Protein chains: 2
Amino acid sequence: MIKGESHRFLSAWSAIRKLFKVPINAPGSNGEDQRTLVASTVPLFEPFICRSASVRHPTPGIPKQRISHGKQAASASQSPVSVTLPMQIGIDSFAAAISDPTTGATLTPAERLNHLLDEIELADNVGLDVFGIGEHHRPEFLDSAPPVILAAAAARTKNIRLTSAVTVLSAADPVRVFQEFATLDLISNGRAEIVAGRGSFVESYPLFGLQLDDYDSLFAEKLDLLLKIRDNTHVHWSGQHRPALTGQGIYPRPLQNPLPIWVGVGGTPASFVRAGTLGLPLMVAIIGGEPHRFRPLIDLYRKAGARAGHAPEKLKVGLHSIGFLADTTDQAADTFYPGYAHTFNEIGKERGWSKTTRAQFDATRGPTGALLIGDAQTVAEKILSVNEALGGIARLTFQMGVSTLPHQKMMRAIEILGTQLASMVRKSLATVPDGT
Amino acid sequence: MIKGESHRFLSAWSAIRKLFKVPINAPGSNGEDQRTLVASTVPLFEPFICRSASVRHPTPGIPKQRISHGKQAASASQSPVSVTLPMQIGIDSFAAAISDPTTGATLTPAERLNHLLDEIELADNVGLDVFGIGEHHRPEFLDSAPPVILAAAAARTKNIRLTSAVTVLSAADPVRVFQEFATLDLISNGRAEIVAGRGSFVESYPLFGLQLDDYDSLFAEKLDLLLKIRDNTHVHWSGQHRPALTGQGIYPRPLQNPLPIWVGVGGTPASFVRAGTLGLPLMVAIIGGEPHRFRPLIDLYRKAGARAGHAPEKLKVGLHSIGFLADTTDQAADTFYPGYAHTFNEIGKERGWSKTTRAQFDATRGPTGALLIGDAQTVAEKILSVNEALGGIARLTFQMGVSTLPHQKMMRAIEILGTQLASMVRKSLATVPDGT
């Protein structure tokens, strides 16, 4: 999905093998489901439930440092820099076109987008922190113009932050992207964010006349330009993939200074290092396998950031996860599975994945798996566990749309997320004074 | 301003001279205010007030035909094709950055955009038909991303149509433009429109790496592609200024089929002919001079449309006019003038216009001049006169923002426009059955 960058997984895989000295016969190297590849390459982290811990960033550059919990952390002298992390909780949507599985009726695109706006409004009303809209250029998604959807959402909401998830920056003009999100930022009174990524689907390339061979240089160059535009109204810049700017002004300027720009990544180590080196917050898409196994990659990010001299509070890590909430865990799983299997089997046809099975699904929604599916209590505990395992998570977004569920079920899930789960997580991660 | 295409006026002027055999010493050829150029090149039409007329399109190809009025028109046998035209009335805005002249305070961009959204919401509430947002890439305007502003407006309105005014298509990718407006169309339940133009400011060219030498071919080619995308989900197309499409799908598809696409023009005869030949509705920017003098250019459009075989009801003409309403005509003029003079003097510095004077302003708001400034009765009568003179106007939009007026005065003007002027005009142009 977004940020999964699965079509680059084979080369990423090779890089990871070198990095972690994974044997050639490890899962993923022989055609196994690539989603579990990263998760299978590093040692298993034993999860535990932490219900009243305020987890702090470990000191950059000391990734293996033991994590401090709760009030004990305030006096944790082994941590020279201590940053208290509240966790933002939100939702990402790709505005999937939906056929209602209960009625068989296909929603019109207009009905679907209006339902999506209802969902964002509800997410705001129940106090969720952030709502993201993806970018795709395919018939099954209605999100080719995320800032347009987000602007409508801005007019219907008060507090929730509004972000792309992700902007496929490689295929876009950073000037237009900045203009659109600066406008969104003004309209929303400072609630806009950009998550910039390379995208995991490849349809943008032929659509915008780009070459897949330029996959990496397109992103690197456009991210560089986007950051220059953020820092300067008048921009001097030249590159390979976009006409040069010789001091032109880019307007309007956003309300937030700086406008938040995250880097959205899948499993490519170089992407983690790039984000860290630039001191940009990181959104990691974890759509399969076991989240705690991403720790070495996240440590790569934090190390690269520290090496480049960035303050630890700048090096925030967020997760984009597949998840769904219902009143009971069984109900959540049974509701979510059919649509999930359908979506992953469809994408799997393009990517050579093995067929999704219920057993695999059930395993992945187990205590250490990536799927955040269940009742509020179950999922809250799992989030706290992942938070511990990854050294502190600043944002967690639920991608609930892969299952193309009926509107009412999505609304109920959002309600549970806001009124039950978020408060459980917030209570457990209650802020403590910075320890010194 | 938009669609004014003033920097091409000299070549347009040469074309018009050839077309209408205007002597070389006519106004405009010697450095006079270019805004009055077109208006000074054709014979004066004697205006008259028509208070209860339903004006119909004259037969295409017979532009000099006498216009029929009211119920008499139903039996006007000299008109083989008779199309009853209700007139849509609306507002265009460029989201000008505003310093409040009464308080001296500069609005923040966020305040200004939120005021603009209030204005659009009020325009909807008082029953206006359409609201347009321009596109500029300059510090004095906040409208570089019109679909983003319009999407926020869509969420706050129910009935009003939402359009660009204009989309600077020459500098844009028609794929992105279509995606954005299709998304807006879905969000607004079928209220989106595009007015595509070349823009009258030139700052888009260096910003997007384009050459002014390609001014015309850029627009022609991109309009061709935009129309192809409107007609086909999967597009095969190649051109000079954008990578080829070889059957890629463009999503989402809009609710309206076809999504309305107008051509926005200034005074360039070739632009009128192009729009007519393509059978596209026409928005004419008349920001100075005398509107009735555009009749020969509009006839060019209608003739070209008829020659290309387009039905007369497709060949709609709209006007983008500078105007402002207040409770009395003196109040409207005195309120509007200072900001108007400031704006035109600033633009005039770039374009070599003579300094704006109050005498010139007062003349231009006279019975035959282009400025629609006054109380509702005065302006309604003027609109009916212009409607007669130009052979039937399908849409008239007021550009009230050139004067960068305080929010409350804009709100009052919108209220008068919707509750007084629009009903006067609608009553006068009451629909009659199609004559045969």
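Thr397(A) lies in strand β12 of chain A, which covers residues 395–399. The model is predicted.

**Exercise 1. Is Thr397(A) buried or exposed, and which residues does it touch?**

Step 1. Take the relative accessible area of Thr397(A), which is 2%. Buried means under 20%, so Thr397(A) is buried.

Step 2. List its contacts, leaving aside neighbours within four places in sequence. They are Gly90(A), Ile91(A), Asp92(A), Val130(A), Met283(A), Leu319(A), His320(A) and Ser321(A).

Step 3. Look for a polar contact among side chains. Thr397(A) has one with Asp92(A), at 2.7 Å.

Step 4. Leu150(A) is 247 residues away along the chain, and its C-alpha atom is 16 Å from that of Thr397(A).

**Exercise 2. Where does Asp92(A) lie, and which side chains does it join by polar contacts?**

Step 1. Asp92(A) is in strand β1, residues 88–93 of chain A.

Step 2. Check its cover. Asp92(A) has a relative accessibility of 2% and counts as buried.

Step 3. Find the partners. The side chain of Asp92(A) makes a polar contact of 2.6 Å with that of His320(A). A polar contact of 2.7 Å joins Asp92(A) to Thr397(A).

**Exercise 3. Which parts of chain A does the salt bridge between Asp216(A) and Arg274(A) tie together?**

Step 1. Confirm the pair. The side chains of Asp216(A) and Arg274(A) form a salt bridge, 3.2 Å from N to O.

Step 2. Asp216(A) sits in helix α6 (residues 215–231) and Arg274(A) in helix α7 (residues 269–278), so the bridge ties together parts that are 58 residues apart in sequence.

Step 3. Compare the cover. Asp216(A) is partly exposed at 37% relative accessible area. Arg274(A), at 16% relative accessibility, counts as buried.

**Exercise 4. How many residues apart are Arg412(A) and Asp327(A), and where does each lie?**

Step 1. Confirm the pair. Arg412(A) and Asp327(A) meet through their side chains in a salt bridge of 2.4 Å, N to O.

Step 2. Arg412(A) is in helix α12 (residues 407–428) of chain A, while Asp327(A) is in the loop between β10 (317–325) and α9 (329–351). They are 85 residues apart, and the pair links distant parts of the chain.

Step 3. Check the cover. Arg412(A) counts as partly exposed at 30% relative accessibility. Asp327(A) counts as partly exposed at 41%.

**Exercise 5. How many salt bridges are there over all chains?**

Step 1. Search the whole structure. The total is 44 salt bridges over all chains.

Step 2. Look for a network. Arg138(A), Glu140(A), Glu203(A) and Glu350(A) are linked in a network of salt bridges.

Step 3. Turn to chain B. Arg112(B) and Glu119(B) form a salt bridge through their side chains, 3.9 Å from N to O. Both Arg112(B) and Glu119(B) are buried.

**Exercise 6. How many helices and strands does chain A have, and what share of its residues is buried?**

Step 1. Count the elements. Chain A has twelve helices and twelve strands.

Step 2. Find the buried share. Of the 436 residues in chain A, 65% are buried.

Step 3. Take the surface. Chain A has an accessible surface of about 15,200 Å², with 54% of it on carbon and sulfur atoms.

Step 4. Sort the contacts between residues at least 6 apart in sequence. In chain A, 74% of these join residues at least 24 apart.

Technical notes: Residues are numbered from 1 along each chain as its sequence is written. Chains are lettered from A and ligands numbered from 1 in the order in which they are written. This is a predicted model: local features need pLDDT of at least 70, side-chain atom pairs count only at pLDDT 80 or more; totals for chains, interfaces and linings use all residues. Side-chain values use heavy atoms; hydrogens and water are left out. Helices (H or I, at least four residues) and strands (E, at least two) are DSSP runs, numbered from the N terminus. Buried means under 20% relative accessible area, exposed over 50%, partly exposed in between (1.4 Å probe, protein chains only). Contact means heavy atoms within 4.5 Å. Accessible areas come from the Shrake-Rupley method with a 1.4 Å probe; for residues, only the protein chains shown count as cover. A salt bridge is a side-chain nitrogen of Lys or Arg within 4 Å of a carboxyl oxygen of Asp or Glu. A polar contact is a pair of N or O atoms within 3.5 Å; within protein, one must be able to donate a hydrogen and the other to accept it, and residues adjacent in sequence count only if both atoms are side-chain atoms.
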